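Colleague: I would like to go through the labels used for this model and see what each rests on. Please show it first.

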Amino acid sequence: MATLDDGGRLRELLLTWLLAWLHVVSAIGWLGGGILFAFVVGPALAKLSPASSGEFLVKVVPGVARFFQVFAGLTILFGALLLYNMGGFGLLTLSSFYGVDLTVGVSLAIIAFLVSEFLAVPLQLKAVRMIREMLASGGHEPPADFPRAVLHARITATLAVVLLLATSVTMVGAGFY
Ligand code: HEM
């Protein structure tokens with residue numbers, strides 16, 4: 001245990017604590033926002049009139065997509081810094097329960113990040129673009145492939161959330177070894 005007169009070790013512990021806190025708070029934002037949108041806001045959107053859901057898409061979804069990009073990026077950034085600070089990539093080993101837990105968690109997190117950044121967010125923004133183009137051309141009916149774009153956006157966002165839930169299970173597990 002670090003004592004108050006062991007300055008170097010204390011500084012190291014404080015940095016680990018700070019990085020862990022920043023990592024967990026970013027993960028809470030990403031996962032919490034994802035759960036709320038995938039399981040509450042998304043299904044509720046389907047019950048709104050086309051005009052209301054169109055307005056919601058154009059005015060709210062771009063900000064939500066940016067929120068996910070920022071919190072996903074921060075979670076990965078602080079996770080990587082925390083890993084580096086705690087001993088580096090050598091911790092990602094398959095020769096201990098801790099290493100397996102962490103390796104599976106980091107792998108799932110990277111897949112969740114790729115699904116979120118390169119599938120879910122672009123599909124959400126595609127649906128927004130469709131409504132914007134409809135409004136710009138003075139139309140009132142979204143294009144025929146609009147429902148499919150929304151469905152794909154919802155499926156990929158839900159997939160990212162499921163991957164994040166699995167990540168959080170292994171990350172929390174790693175904290176017990
Ligand atoms: C590349 C991505 C990530 C890296 C490198 C990473 C790395 C780490 C590391 C090294 C720890 C400390 C484990 C220990 O206690 O020894 C940790 C803890 C944690 N991580 Fe991650 N992580 C990543 C992504 C995520 C994601 C996406 C989530 C959530 C959805 C998450 C949630 C957590 C939580 C809740 C803890 C605290 C566990 C505890 O101490 O009880 N991490 N992470």
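Modeller: The axes of α3 and α4 come within 10 Å and cross at roughly 165 degrees. This is a predicted model: local features need pLDDT of at least 70, side-chain atom pairs count only at pLDDT 80 or more, and totals for chains, interfaces and linings use all residues. Residues are numbered from 1 along each chain as its sequence is written.

Colleague: Why are α3 and α4 called roughly antiparallel?

Modeller: Angles under 35 degrees count as roughly parallel, over 145 as roughly antiparallel, 65 to 115 as roughly perpendicular and the rest as oblique. The axes cross at roughly 165 degrees, so α3 and α4 are roughly antiparallel to each other.

Colleague: Which residues of α3 and α4 make the contact?

Modeller: Among them are Phe-68 and Ile-76 of α3 and Phe-113 and Val-121 of α4; contact requires C-beta atoms, placed from the backbone, within 7 Å. The residues of this contact divide into 11 nonpolar, 4 polar and 1 charged.

Colleague: What makes Ser-107 partly exposed?

Modeller: A residue is buried with 20 or more other C-beta atoms within 10 Å of its own, exposed with 12 or fewer, and partly exposed in between. Ser-107 has 14, and is therefore partly exposed. Ser-107 is in helix α4, and its C-alpha is 8.4 Å from that of Thr-167, 60 residues apart in sequence.

Colleague: How many residues surround the ligand?

Modeller: There are 21, with Ala-27 and Gly-79 among the closest. The largest share of the shell, 7 residues, comes from α3.

Methods. Near = placed C-beta within 6 Å. Helix = DSSP H or I, 4+ residues; strand = E, 2+ residues; numbered from the N terminus. Axes fitted to C-alpha atoms, helices over the stretch in contact; angles between N-to-C directions. Contact = placed C-beta atoms within 7 Å. Nonpolar A, V, L, I, M, F, W, Y, C, P; charged D, E, K, R; others polar.
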